[in-house]
Amino acid sequence: MRTRWIGGLAGAGTAALLYAHYVERVQVELSRYTVTTDAQGLPPGGVTILHLSDFHFRADDAVQERKIVRLLELLEPEQYDILALTGDLVHDVGGFPTALRLIRQLQPRWGAFSVPGNHDYAEYSVWGVFDQTWQEAGGATLSIAQLGESARRIADFIGKVLRNDLVRLPVAANDVPAMHRQLYEVGANPLVNCATPVQIPGGELWIAGVDDINEGAPDLAQALADVPISAPLIVLAHNPDIFLDPAIERADLVLCGHTHGGQIKVPLVGVAHTQGTHLTRQEPAGWFRRGRARMFVSRGLGESIPLRFGVRPQAALITLRSGKDLTGG
C-alpha cells in the first residue's frame with residue numbers, strides 16, 4: 001500500500017512538472033484594460049498600449065517558439081498605438097536575435113519604446129554560486145575552499161528565496177549599448193532615465209523610461225525632468241519598486257514587469273517568489289494605485305526557470321483615456 005501511495009505521488013509530481021514546463025508556459029493570455037486620467041490632450045478613443053515584458057528568450061527553446069506563435073496569433077487581429085517593452089528581453093544573450101525578430105513583427109501605429117531589465121544587463125545562473133556560467137560548469141573542478149564558499153552562497157540563496165528577498169547570481173555582463181542600438185534599428189526606442197514626446201491626434205503624450213533598479217542606475221527625477229507638468233505621462237520601468245518613489249505620482253500610467261507573477265502558485269502560501277520587490281506573494285502582479293498614478297505589473301511572457309504553474313504568461317492591451325474609471329480585465 002505504501003509503495004503504491006508513494007508511486008502515485010511520484011506520478012502526480014512528474015505530471016505536474018511536465019505540465020508546468022511544456023503546457024502552461026505556452027498558454028499566453030491577452031488581457032484588456034481601460035485606465036482613465038484627468039490629463040488633457042488624449043484623443044477621444046484614447047491611446048492603446050501593447051505591454052509586453054520579460055521575454056527571457058534563450059538561444060534554443062522549442063517551447064519558447066510555440067509561445068511566440070501563440071502570442072502572434074492573439075495579436076494578429078489587434079490594433080494598438082504604442083508598444084511598451086519593460087525589460088528582460090533575454091535570459092541569455094543568445095536569445096537576443098529572437099527578441100529582435102519578434103519586435104520586428106509587431107506594428108504599433110505611433111512607436112515602440114523599451115527599458116532594460118536586470119537580465120538584459122547580465123546573464124544569471126544558479127551556477128553563479130560557483131562563479132561560473134552554466135557552459136563552464138560542465139567540465140570544471142572546484143577546490144575545497146571554493147566548495148566551502150559555494151555552500152555558504154547556496155545557504156544564503158535558499159534563505160533569500162524563503163524570505164522573498166532579492167536573489168542575484170550574475171555570471172556574465174551583456175553589451176547593453178550594443179543591444180540598444182539594435183533595438184533602435186528595429187524600431188524600438190530605448191529610454192534610460194529619459195523621456196520623449198509622442199505626437200498623437202489632438203495633442204502630445206510623453207513616454208518616460210527608468211533604468212533597472214538591480215543592475216542599472218535608476219533616476220526617476222532625471223527621467224521626468226523635461227516632461228511638462230500637465231502632459232499625459234506613461235512611465236516604463238522593469239522593477240515595480242519604482243512605485244515607492246513619490247515622484248511616480250506624476251504619472252498617469254506606470255508599466256512594469258520583473259515579478260513574472262511569481263511563476264508558481266502554492267496553495268495557501270501564494271506564489272513562490274516575487275523576485276525581491278515590495279510586492280507580496282499574495283499580490284505579485286496586476287493593478288496598484290498611488291495618488292493619481294495607476295501601475296500595472298505584468299505576469300510577463302517568459303520565465304527565469306522554465307516552469308509555470310497557476311500563473312499563465314501574459315500580454316496586455318491597455319487603453320489610456322479620459323473619463324470615468326473603467327479599469328477591467
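Close-up 1. At 1% relative accessibility, D88 counts as buried (under 20% relative accessible area; exposed is over 50%, partly exposed in between; 1.4 Å probe, protein chains only). This is a predicted model: local features need pLDDT of at least 70, side-chain atom pairs count only at pLDDT 80 or more, and totals for chains, interfaces and linings use all residues. Residues are numbered from 1 along each chain as its sequence is written, and side-chain values use heavy atoms, with hydrogens and water left out. D88 sits in the loop between β3 (82-85) and α3 (96-105). Helices (H or I, at least four residues) and strands (E, at least two) are DSSP runs, numbered from the N terminus. The phi of D88 is positive, near 55°, and the residue is not glycine. Most residues other than glycine have a negative phi.

Close-up 2. The loop between β11 (253-256) and β12 (265-266) holds H258. H258 is buried, at 3% relative accessibility.

**Close-up 3. Leu233 and its contacts.** L233 belongs to strand β10 (residues 233-236). Its relative accessibility is 1%, so L233 counts as buried. Leaving out residues up to four places away in sequence, L233 touches L205, W206, A208, L224, V227, R250, A251, D252 and L253 (contact: heavy atoms within 4.5 Å).

**Close-up 4. Tyr19 and Phe309, an edge-to-face pair.** The whole structure contains five aromatic pairs. Rings of Phe, Tyr and Trp (its six-membered ring) pair if their centres lie within 6.5 Å; planes under 30 degrees apart count as stacked, over 60 as edge-to-face and the rest as tilted. The ring centres of Y19 and F309 are 5.9 Å apart and the planes meet at 85°, so this pair is edge-to-face. Y19 lies in helix α1 (residues 2-23) and F309 in the loop between β15 (293-297) and β16 (314-322), so the pair ties together parts that are 290 residues apart in sequence. Y19 is partly exposed, at 27% relative accessible area. F309 is partly exposed too, at 37%.

Close-up 5. Centres 5.3 Å apart and planes at 75° make Y33 and W287 an edge-to-face pair. Y33 comes from strand β1 (residues 29-37) and W287 from strand β14 (residues 286-290), so parts 254 residues apart in sequence are tied together. Y33 is buried, with a relative accessible area of 12%. Ring pairs link Y33, W287 and F296 into a cluster.
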